[in-house]
Amino acid sequence: MPAPPLRTLTTSSSPPAVRPRPGFPARLEPSASGPRTSPPALTRGQPAAPLARPSTPSGVGMDSQAVRAAMVRKIEAQGVSHAGVLAALRAVERHRFVDTALANQAYEDTSLPIGLGQTISKPGVVGRMIELLCQGRHDKLGRVLEIGTGCGYQAAVLSHVAREVYSIERLKGLHEKARENLRPFRLSNLHLLFGDGMLGYARGAPYAGIIAAAGGNDIPAAWIDQLAVGGRLVAPAVTSVGRQNLVVVEKTATGVVRTELEAVLFVPLKSGIA
Ligand code: SAH
C-alpha cells in the first residue's frame, strides 16, 4: 500500500484540520517514498541517509560525506562547537536542497538561490543560529518552530537536534519544493506547514525553541507568546541601530531577556501567504 505524503497543515485563511499535538516519543510517520515500514527515528549523529536515494548530482559524487566534513570543520573554525549541531550539519546532505546546477557549490559557506527570490541560508549561519538555540543544552530540544522553511535544509538540520520540528513557509511553491526535497530523508519528526509564520503556530506551542530564517522590523509578539518558559528564540530583526542583527530572546518565569548579537543579512519576513 503506498504511504501518504508528508503531512501538511495549512495555517492560512481556512482553519487547519484539527490535529492533536503529538505525544512523546514522537509518533513515526510514513513517507511517500517507500513502503509502509517502520523507519527508525533519526538520532543525533546518525547519517540522514535516505532509504531510496535519489541520484546524486554530478560534481558532488560519492564523497559528499568528506566534502561535508570539510565544510563542518570550517564552521567549527568560525566558533561553532556544540557537538549535536556539528553532527547534524555533518549528516544532512545540503546538495540535495539546491538545483543540480548549483550542487557543486552546496558545501561552500554561501547562500544560494532556491527560487521565488529566496535563498538557502549559509551553512555557517545555520550552525551559529542552531547553536544559539541549543545553548546550555546537551540533550535534544523538545518541540521547535522554524519560520521560513525555504528549501527545507535548516528544517532537516533541526530535526536532528530536536524531538519535534514544525516548519512554516508562506510561499506555496517553496513549501512544496521543501516537501519534495525532504521526502527521501524520511524525517518522521518534521512537520511542514503552509501559512504565515508571523502568527507562529499556536497548536504546537509552547516551544522549547523558535528560529526564524527571515528578518522583520521586530520580533512578532505571537512568537514570544508561543515560547515556553525556559525556551529560546533566535531570529534576525532590525535593531536600535537600524540594521539587521541576530536577536536572542530567552523567556524566563519573570519576563523576557533580549540580546542583540552580530549583524546578519536575511531575506525579509513578510506577512500573508502567496
Ligand atoms: N531555512 C531556509 C531559509 C529560507 S529563506 C533554508 O534552509 O533554505 C527564508 C524563507 O522565509 C523564505 O522562503 C521566505 O519565503 C520565508 N518567509 C518570509 N516571511 C515568512 C513568513 N511570514 N512566514 C513563513 N515564511 C516566511
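Mentor: Rings of Phe, Tyr and Trp (for Trp, the six-membered ring) form an aromatic pair if their centres lie within 6.5 Å; planes under 30 degrees apart are stacked, over 60 edge-to-face, and the rest tilted. This model is predicted, so to speak of a local feature takes pLDDT of at least 70, and side-chain atom pairs count only at pLDDT 80 or more, while totals for chains, interfaces and linings use all residues. Residues are numbered from 1 along each chain as its sequence is written, and side-chain values use heavy atoms, leaving out hydrogens and water.

Trainee: How many aromatic pairs does a search of the whole structure find?

Mentor: The search finds 4. One of them is edge-to-face: Phe 97 and Tyr 153 are 5.7 Å apart, centre to centre, with 70° between the planes. Phe 97 lies in the loop between α2 (83-91) and β2 (112-115) and Tyr 153 in helix α4, so the pair ties together parts 56 residues apart in sequence. Helices (H or I, at least four residues) and strands (E, at least two) are DSSP runs, numbered from the N terminus.

Trainee: Which residues come nearest to the ligand?

Mentor: Of the 27 residues around the ligand (a heavy atom within 4 Å), Cys 151, Glu 169, Asp 196, Gly 197 and Lys 270 come nearest. β3 (118-120), β4 (141-147), α4 (153-161) and β5 (162-169) each supply at least two residues of this shell, and β3 has the largest share, 3 residues.

Trainee: Which polar atoms are 3.2 Å, 3.1 Å and 2.5 Å from the ligand?

Mentor: A polar contact is a pair of N or O atoms within 3.5 Å. A ligand nitrogen is 2.5 Å from a polar backbone atom of Lys 270. Another entry is Glu 146, with a side-chain N or O atom 3.2 Å from a ligand nitrogen. For Gln 154, a polar backbone atom is 3.1 Å from a ligand oxygen.

Trainee: What should I look for in the backbone?

Mentor: Most residues other than glycine have a negative phi, and most peptide bonds are trans. Here Leu 116, in the loop between β2 and β3, has a positive phi near 55°.

Trainee: What kind of peptide bond joins Ala 205 and Pro 206?

Mentor: A cis bond, with omega about 5°. Pro 206 is in the loop between β6 (190-194) and β7 (207-212).

Notes. Polar contact = N/O pair within 3.5 Å; in protein donor to acceptor, adjacent residues only side chain to side chain.
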